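Subject: Structure for you to look through

Hello,

Here is the structure I promised to pass on. Please open it next to this email and follow along.

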Amino acid sequence: MTDRHLVEVSDATVVYDRDPVLVHADLAVSPGDFVGIVGPSGSGKTTLLRVVLGAVRPAAGTVTRARRVRVGYVPQVETVNWSFPITVGECVLMARAGGRWAPWSTPSERSEVADVLDRLGIAGLEHRHIRALSGGQQQRVFIARALLNRPQLLLMDEPTSGVDVRTRHDILHLLSDLNADGLAVVVTTHDLNGIAAHLPHLVCLNREVIAQGPPEEVLTADVLERTYGAPMDVLEHGGMPVVVDRMSASNVIRLRRRAQ
Amino acid sequence: MTGAMAWGDLVHPFHFQFFRNGLLVATIAGALCGLIGVYVVLRGMSYIGHGLSHAIFGGFAASGLVGVNFFLGAGVWGLASALMVSAVTRRKSIGSDAAIGVITTASFALGLALIQLYGSPGRNPDAALFGNVLGVASQDVWIVVGVSVFAVAVIVLRYRALLFTTFDPEVAEVSGINTARVDALLMLVLAASILATMSVMGVTLIAAAIVVPAVVARMLTDSFARMLWLSTAIGAVCGFVGMNLSYHLDIASGPTIVLTGSALFAAVFAATGLRGMSRLRGTRRGLEPLHLS
């Protein structure tokens with residue numbers, strides 16, 4: 001590991017119930033990086049993210065972290081219990097669960113929460129229930145929780161899963177702004193065109209790393225077919241790669257209205 | 001003067017030391033059950049109060065047989081059962097409802113078998129099953145007070161870790177919280193609370209005393225902190241009112257305390273309507289396990 005890496009995963013293999021879900025994976029994240037991990041369902045994206053986080057220990061290989069590196073983690077919003085009785089302020093303050101024993105928040109903590117909410121464009125929502133927010137605001141609450149401890153590296157699992165196009169744009173811009181301020185960001189995503197094609201560095205994963213590099217290098221028909229196991233074409237639009245399913249007689253399922 | 005007569009009837013039992021003891025214990029026990037109930041309900045473990053009280057009944061029989069102090073024997077038994085439930089649930093292949101069903105009913109069955117084989121220990125099994133607050137001894141008062149102080153101390157000092165672990169155990173774990181230790185601590189508080197309040201509520205009804213105040217509180221608020229103190233207050237009111245009803249109606253204290261809570265639930269349910277019901281959808285840990293792809 002070079003001194004400038006925040007986290008470096010080398011040759012990592014993870015096994016669940018004798019089933020290898022990640023094989024010989026490498027990933028290095030440095031300050032200011034913005035990395036997208038793409039791949040089909042079951043390809044090991046979340047597992048690789050959790051290896052970087054330190055929540056999963058690989059059966060083989062090494063994970064090296066910079067000393068005292070601070071990492072923030074934003075889970076998939078689908079895993080959140082939105083009906084739990086909790087306000088935005090209470091949720092963000094969970095980031096301090098390990099530090100302070102007294103249940104009540106200090107004035108400085110309340111000020112920090114207000115600042116991070118303001119930075120993310122959801123100021124003044126501290127007393128709202130988390131369910132009483134729009135999809136984009138909900139995602140920002142959990143980003144706020146991850147940012148409260150001023151991490152150097154932010155890990156997000158499927159940040160745009162289940163959100164509309166406008167919210168996806170907003171979240172991508174927000175992450176881009178945070179990254180421009182020096183925060184290293186690693187996201188997993190299914191969204192090749194909406195998210196992955198916009199990122200500076202991609203890791204194509206299907207249990208093993210198929211390819212990694214800038215989108216224009218790794219979003220190729222060959223890499224995508226090896227990653228997803230399905231034929232895809234890559235077009236160019238406005239200087240950016242656009243991935244499309246390859247239309248052929250063999251993989252198009254035609255649905256016809258049944259004759260009356 | 002019908003009003004004066006009615007007032008006189010109401011305050012009459014307060015002249016008796018045994019009633020004042022019982023009222024104090026019922027009120028504190030109600031508050032304690034309400035406080036713990038918030039975590040039980042939000043973790044989707046509502047059945048655990050029912051299960052653990054039955055498991056402790058097994059300990060009640062075993063402690064009499066072995067000849068150790070009832071509270072020590074039943075307490076260790078209850079804690080062991082709670083930790084087993086927690087450990088089985090953490091493996092995720094078995095849900096908490098099934099784990100509670102298997103472990104605590106096995107413990108209850110063992111208690112029944114021991115009583116059939118060797119006879120009942122010194123304490124009255126009926127009182128253990130249905131609650132008999134009028135027979136509360138001063139030792140019982142101190143036990144309920146002591147466990148309540150312990151429970152409040154744990155919840156105040158570990159408030160943030162308990163909240164994070166209850167809301168989002170996966171992320172709490174990766175954020176550096178020892179969730180296994182937090183879960184074990186909660187099980188210890190729960191087992192101690194059930195043991196201490198069993199003489200008031202009875203084995204069969206303690207689950208309702210734990211669940212009802214938390215459910216009523218959830219219908220009234222969207223804030224976790226407010227739910228915590230509301231549930232505690234509602235539990236205390238149910239204990240106080242139920243205990244008075246127990247004396248005046250000559251019914252065991254367990255049923256009157258639970259029926260008071262049930263009446264309050266019906267009133268709040270009617271008053272809050274659909275809004276209260278929509279909040280109730282959150283009274284379970286509705287999290288799917290984090291799928292690792």
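Val216(B) sits in helix α11 of chain B, residues 206–220. Helices here are DSSP runs of H or I with at least four residues, strands are runs of E with at least two, and both are numbered from the N terminus. Val216(B) is buried, because its relative accessible area is 1%. Buried means under 20% relative accessible area, exposed means over 50%, and partly exposed lies in between (1.4 Å probe, protein chains only). Leaving out residues up to four places away in sequence, Val216(B) touches Ile234(B), Leu264(B), Phe265(B) and Val268(B). Contact means heavy atoms within 4.5 Å.

A word on the source. This is a predicted model, in which local features need pLDDT of at least 70 and side-chain atom pairs count only at pLDDT 80 or more, while totals for chains, interfaces and linings use all residues. Residues are numbered from 1 along each chain as its sequence is written, chains are lettered from A and ligands numbered from 1 in the order written, and side-chain values use heavy atoms, without hydrogens and water.

Chain B as a whole

Chain B has 13 helices and zero strands. Of its 293 residues, 53% count as buried. Take the contacts in chain B with a separation of 6 or more: residues 24 or more positions apart account for 77% of them.

Now look at one helix pair in chain B. Helix α3 covers residues 47–66 and helix α5 covers residues 96–118. Their axes come within 8 Å and cross at roughly 30°. Axes are lines fitted to C-alpha atoms, for helices over the stretch in contact, and angles run from 0 to 180 degrees between N-to-C directions. α3(B) and α5(B) are therefore roughly parallel to each other. The cut-offs are under 35 degrees for roughly parallel, over 145 for roughly antiparallel and 65 to 115 for roughly perpendicular, with the rest oblique. The crossing of α3(B) past α5(B) is left-handed. That word applies if the near helix is turned anticlockwise from the far one by less than a right angle; clockwise gives right-handed.

Which residues make the contact of α3(B) with α5(B)? On the α3(B) side they include Tyr47(B), Leu52(B), Phe57(B) and Leu65(B). On the α5(B) side they include Asp97(B), Phe108(B), Leu112(B) and Tyr118(B). The residues of this contact divide into 15 nonpolar, seven polar and one charged. Ala, Val, Leu, Ile, Met, Phe, Trp, Tyr, Cys and Pro count as nonpolar, Asp, Glu, Lys and Arg as charged, and the others, Gly among them, as polar.

Chain A

Chain A has seven helices and 11 strands. Of its 260 residues, 50% count as buried. Among contacts in chain A between residues at least 6 apart in sequence, 65% join residues at least 24 apart.

Helix α4 of chain A runs over residues 135–147. Its 13 residues reach 19 Å from first C-alpha to last, close to the expected 18 Å. The expected span is 1.5 Å times one less than the number of residues. Is α4(A) largely enclosed or largely open? 11 of its 13 residues are buried, so α4(A) is largely enclosed by the rest of the structure. Among the buried ones are Gln138(A), Phe142(A) and Ala146(A).

The axes of α4(A) and helix α5 of chain A (residues 165–180) come within 9 Å and cross at roughly 20°. That makes α4(A) roughly parallel to α5(A). Their crossing is right-handed. Gly135(A), Arg140(A) and Ile143(A) are among the contact residues of α4(A), and Asp170(A) and Leu174(A) among those of α5(A). The contact holds five nonpolar, four polar and two charged residues.

Gly42(A) is in the loop between β3 (34–38) and α1 (45–53) of chain A. Gly42(A) is partly exposed, at 36% relative accessible area. Gly42(A) and Leu205(A) are 163 residues apart in sequence, but 9.8 Å apart in space, C-alpha to C-alpha.

Most residues other than glycine have a negative phi. His24(A) is not a glycine, and its phi is positive, about 50°. His24(A) lies in strand β2 (residues 19–29) of chain A. Arg207(A) also has a positive phi, near 70°. Arg207(A) is in the loop between β8 (201–206) and β9 (208–213) of chain A. Arg207(A) counts as partly exposed, at 32% relative accessibility.

Best wishes
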